[in-house]
Amino acid sequence: AYFELNNYIIALSGNNVSFQDMDGKSITSTLVPYTLTTQVKAVPQNGYYFESISCTNNYIVSGFSSGAQYYSTQTLTIKNPTITTGGACTIKMHARNYPATATYHPKTCTGTTNCRTESGQSCTCDNYCWSSAGELVCCDMTCTPWSHTVCDDYTYDCSYYTYSCPNGGTLSGTTCVF
């Protein structure tokens, strides 16, 4: 008697990534035999790296690596542990250079009671202003010499932004770079 294993379709998806069979042919799905494995190649779009992968119906993926250093083609092994239905595997990608997350920090001095004259060589901050060359100036959070922004005449808006890279990378101005 001859028995053929049942194959189940696994849909492959993700933005900024494409998939190939082991011969290099472009695919959007693959067949995985019951209790066995199938290999596929995941090819990132230029400028993107692998962030995460998830598969439905308890299909298992091995060979997947994530993080900023993983921006080359990966060979993935998809295993059907004992599933009698198909499923889907989705890869999430992340841009290697992407805008940093901006956090707004409101900081305002109002009226003249919170203002004082300082030399400009140092400051104590905490919503204080001082007069410099006839202009009202507010300290910023760094409190370093000459670190200030010019204020307007009545409401002294010294609000500022800080930037961060929540998905890793190195901050370069307002961009995260890997």
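Visitor: Which side chain does Thr77 meet in a polar contact?
Guide: The side chain of Gln39. The two are joined by a polar contact of 3.2 Å. Keep in mind that this is a predicted model.

Visitor: Where is Thr77 in the chain?
Guide: In strand β8, which covers residues 74–79.

Visitor: Is Thr77 buried or exposed?
Guide: Buried. Its relative accessibility is 18%, and the cut-off for buried is under 20%.

Visitor: What else does Thr77 touch?
Guide: Leaving out residues up to four places away in sequence, Thr77 touches Thr37, Thr38, Gln39, Ile60, Val61 and Ser62.

Visitor: Let's zoom out. How many helices and strands are there?
Guide: There are 0 helices and 19 strands.

Visitor: And what share of the chain is buried?
Guide: Buried residues account for 29% of the 178 residues.

Visitor: Charges next. How many salt bridges turn up?
Guide: A search of the whole structure gives 1. The side chains of Lys92 and Glu51 form it, with 3.5 Å from N to O.

Visitor: Why does that pair tie together separate parts of the chain?
Guide: Lys92 sits in strand β9 (residues 87–95) and Glu51 in strand β6 (residues 48–55), so the pair links parts that are 41 residues apart in sequence.

Visitor: Why would two such side chains pair at all?
Guide: Side chains of opposite charge can pair when their charged atoms come close.

Visitor: How open are the two partners?
Guide: Lys92 is partly exposed, at 46% relative accessibility. Glu51 also counts as partly exposed, at 22%.

Visitor: Now the inside. How many residues are in the largest nonpolar core?
Guide: It has 17 residues. Leu12, Ile78 and Ile91 have the most contacts inside it.

Visitor: Which strands supply that core?
Guide: β1 (7–13), β2 (17–20), β5 (37–44), β8 and β9 each give at least two residues.

Visitor: Pick Ile91. What does it touch?
Guide: Quite a list, again without residues up to four places away in sequence. Ile91 touches Ser13, Gly14, Asn15, Val17, Phe19, Ala42, Phe50, Ser52, Ile53, Phe64 and Leu76.

Visitor: What about a second core?
Guide: There is a separate one of 5 residues. Among them are Ala95, Tyr98, Ala100 and Cys165.

Visitor: Tell me about Tyr104. Where is it?
Guide: Tyr104 is in strand β11, residues 101–105. At 43% relative accessibility, Tyr104 is partly exposed.

Visitor: How are Tyr104 and Tyr161 placed?
Guide: They are 57 residues apart along the chain. Their C-alpha atoms are separated by 4.6 Å.

Visitor: On to loops. Where is Gln45?
Guide: In the loop between β5 and β6. Gln45 is partly exposed, with 42% relative accessibility.

Visitor: Which residues does Gln45 touch?
Guide: Asn16 and Val17, not counting residues up to four places away in sequence. Val17 is also on the contact list of Ile91.

Visitor: And how does Gln45 sit relative to Tyr71?
Guide: The two are 26 residues apart along the chain, and 8.5 Å separates their C-alpha atoms.

Visitor: Last topic: backbone angles. What is phi for Asn57?
Guide: Near 55 degrees, a positive value in a residue other than glycine. Asn57 lies in the loop between β6 and β7 (60–62).

Visitor: And Asn58, what is its phi?
Guide: Positive too, about 65 degrees, although Asn58 is not a glycine. Asn58 is found in the loop between β6 and β7.

Visitor: How exposed are Asn57 and Asn58?
Guide: Asn57 is partly exposed, at 37% relative accessibility. Asn58 counts as exposed, at 61%.

Methods: Residues are numbered from 1 along each chain as its sequence is written. This is a predicted model: local features need pLDDT of at least 70, side-chain atom pairs count only at pLDDT 80 or more; totals for chains, interfaces and linings use all residues. Side-chain values use heavy atoms; hydrogens and water are left out. Helices (H or I, at least four residues) and strands (E, at least two) are DSSP runs, numbered from the N terminus. Buried means under 20% relative accessible area, exposed over 50%, partly exposed in between (1.4 Å probe, protein chains only). A polar contact is a pair of N or O atoms within 3.5 Å; within protein, one must be able to donate a hydrogen and the other to accept it, and residues adjacent in sequence count only if both atoms are side-chain atoms. Contact means heavy atoms within 4.5 Å. A salt bridge is a side-chain nitrogen of Lys or Arg within 4 Å of a carboxyl oxygen of Asp or Glu. A nonpolar core is a set of buried Ala, Val, Leu, Ile, Met, Phe, Trp, Tyr and Cys residues joined through side-chain atoms within 4.5 Å.
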